[in-house]
Amino acid sequence: MTVEPRTAHVDRARELDEEDPLASFRAAFLPDPDVRAYFDGNSLGRPLTATPDRLAGLVHTWSSRLIRGWDEEWMALPETVGDRIGALTLGAAAGQTVVADSTTVVLYKLIRAAVAARPGRDEIVIDDDNFPTDRFVVERIAAEFGLTVRWVRVDRHAGVELEQVTEAVGKRTALVVVSHVAYRSSHLADAEAITAAAHEAGALVLWDLCHSVGSVPVELDRWGVDLAVGCTYKYLNGGPGSPAFAYVRADLQDELEQPIAGWMGSAAPFDMGPHYEPARGIRRFLSGTPSIVAMQPMRDMLDLIEQAGMAAIREKSVRLTEFVIEIADADLADAGFTVATSRDAARRGSHVTLEHPDARAITARAWERGVIPDFRAPHGIRVGLSPLSTSFAEVADGLSVLRECAAG
Ligand SMILES: *Cc1c(COP(=O)(O)O)cnc(C)c1O
């Protein structure tokens, strides 16, 4: 049985799509006949229509240029793509962003480098609802080096607040690790103020931008951020397993020593020298051969972001999340859903988390019907909105299916 989505929201969605200055960007993504509403672009962005040709182009260069491809293009790619990510999405001047390994490995390298750069300070501050990998890496490094983890206890429906960080930092703090947008609640942290509070205490700060890069404007240089990492397979649509980027503030780079000394991050990789000498600048944060294959699809997404502009992307993101909350209040509350994300747009990223006692089963039923949010234990259903690929009609339709799925 198919129940049509509630007419009022369908009409409203049509209006919002007609008014949407970014509506035409939807045609840049590969559709799939079995996907009715995609609400998981915050975990894995959709492929672009340009992606097959982009990957075929890489195979062509590989087959025709063979090893010469490294000199001709690939050696520079971690920095050229990094600079583009920096310029378009991070507010970062050139020479501070490099595409490297997985987020987890980049976190390890930067956190190790940061605590080593603050000798005499023996604490790392991180919140207890940060993404698992961030917490695990911090705990392991603390155990390895006899440091203390100072946990900031956060409300799982919210996130890290400035006052909590101000209270937690002090003379012993080497590093503060925070996610800009909380993966669970979508809480958007006040990055500028929290960075200033960490600096006030003499600590370094690392921002995890996995859930903000490409959806929320970021101003790393202006905020004076020391270190940042972020995924490229979420809102940068790099595809499954595309590598993460590292941002290291220019004046810190030559002072930091990252722990995975590899030839690709050394001063002269092809000298094949007897000892490791780190490259100058951002390149020293590379370790081994970077994944050129997995750096291809994100390049076309960066072109789209350049055309659309981060300000317009954020504006649409806010409209989309507002629309989800509007429908949830009007239509989903009596089916048992509650909104577990801030109602203040200034404190919200690009997903809305709904809670329902039956969230796991509802998500499974919705997937069978081509509506794809994700489930986060124990009761969360995350509705991710990718500003360039999600329409308002998709939101109205997908949420009506969630309502039906709650009825069994
Ligand atoms: C998605 C995500 C990660 C993922 O780490 P990988 O090493 O890429 O698997 C890490 N941190 C945060 C905050 C994330 O949202």
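This is a predicted model: local features need pLDDT of at least 70, side-chain atom pairs count only at pLDDT 80 or more; totals for chains, interfaces and linings use all residues.
By a nonpolar core I mean a set of buried Ala, Val, Leu, Ile, Met, Phe, Trp, Tyr and Cys residues joined through side-chain atoms within 4.5 Å, where buried means under 20% relative accessible area, exposed means over 50%, and partly exposed is in between, with a 1.4 Å probe and protein chains only.

Residues are numbered from 1 along each chain as its sequence is written, and side-chain values use heavy atoms, with hydrogens and water left out.

Which residues does Trp 207 touch, not counting residues up to four places away in sequence? They are Val 178, Ser 179, His 180, Ala 189, Ala 191, Ile 194, Thr 195, Val 225, Leu 227, Ala 228 and Val 229, with contact meaning heavy atoms within 4.5 Å.

Let me turn to the two domains, whose bounds come from an automatic or database domain assignment. The centres of domain 1 and domain 2, taken over C-alpha atoms, are separated by 29 Å, and the contact takes 32 residues from domain 1 and 28 residues from domain 2. The two domains bury about 2,400 Å² between them, 57% of it on carbon and sulfur atoms, where buried area is the accessible area (1.4 Å probe) that two parts lose on being put together, summed over both. Of the area that domain 1 buries against domain 2, Leu 48, Met 310 and Arg 347 supply 26%, more than any other three residues.

As for polar links, between domain 1 and domain 2 there are 14 residue pairs in polar contact, both residues being at pLDDT 80 or more. A polar contact is a pair of N or O atoms within 3.5 Å; within protein, one must be able to donate a hydrogen and the other to accept it, and residues adjacent in sequence count only if both atoms are side-chain atoms. On the side of domain 1 that touches domain 2, the elements that give two or more residues are helix H11 (310–332) and strand S10 (351–355), and H11 gives the most, with four residues. The count of salt bridges between domain 1 and domain 2, however, is zero, a salt bridge being a side-chain nitrogen of Lys or Arg within 4 Å of a carboxyl oxygen of Asp or Glu.

By that rule the count comes to 31 salt bridges. In one of these, Asp 101 pairs with Lys 109, the closest N and O atoms being 2.7 Å apart, and both residues are buried. Another joins Glu 72 and Arg 65 through their side chains, at 2.7 Å from N to O; here Glu 72 is partly exposed at 47% relative accessibility, and Arg 65 is partly exposed at 29%.

Arg 172 forms a salt bridge with Asp 122, with the closest N and O atoms 2.9 Å apart. Arg 172 lies in the loop between helix H7 (162–168) and strand S5 (173–179), and Asp 122 in the loop between H5 and strand S3 (123–127), so the pair ties together parts that are 50 residues apart in sequence. Salt bridges that share partners join Asp 122, Glu 123, Arg 150 and Arg 172 into one network.

I will finish with two buried polar residues. Asp 17 lies in helix H1, residues 7–19, and counts as buried at 18% relative accessibility; a polar atom of the Asp 17 side chain lies 2.9 Å from the backbone nitrogen of Phe 392. Ser 389, in the loop between strand S13 (380–384) and helix H13 (392–406), counts as buried at 7% relative accessibility, and, residues up to four places away in sequence aside, Ser 389 touches Arg 26, Phe 29, Arg 46 and Glu 394.
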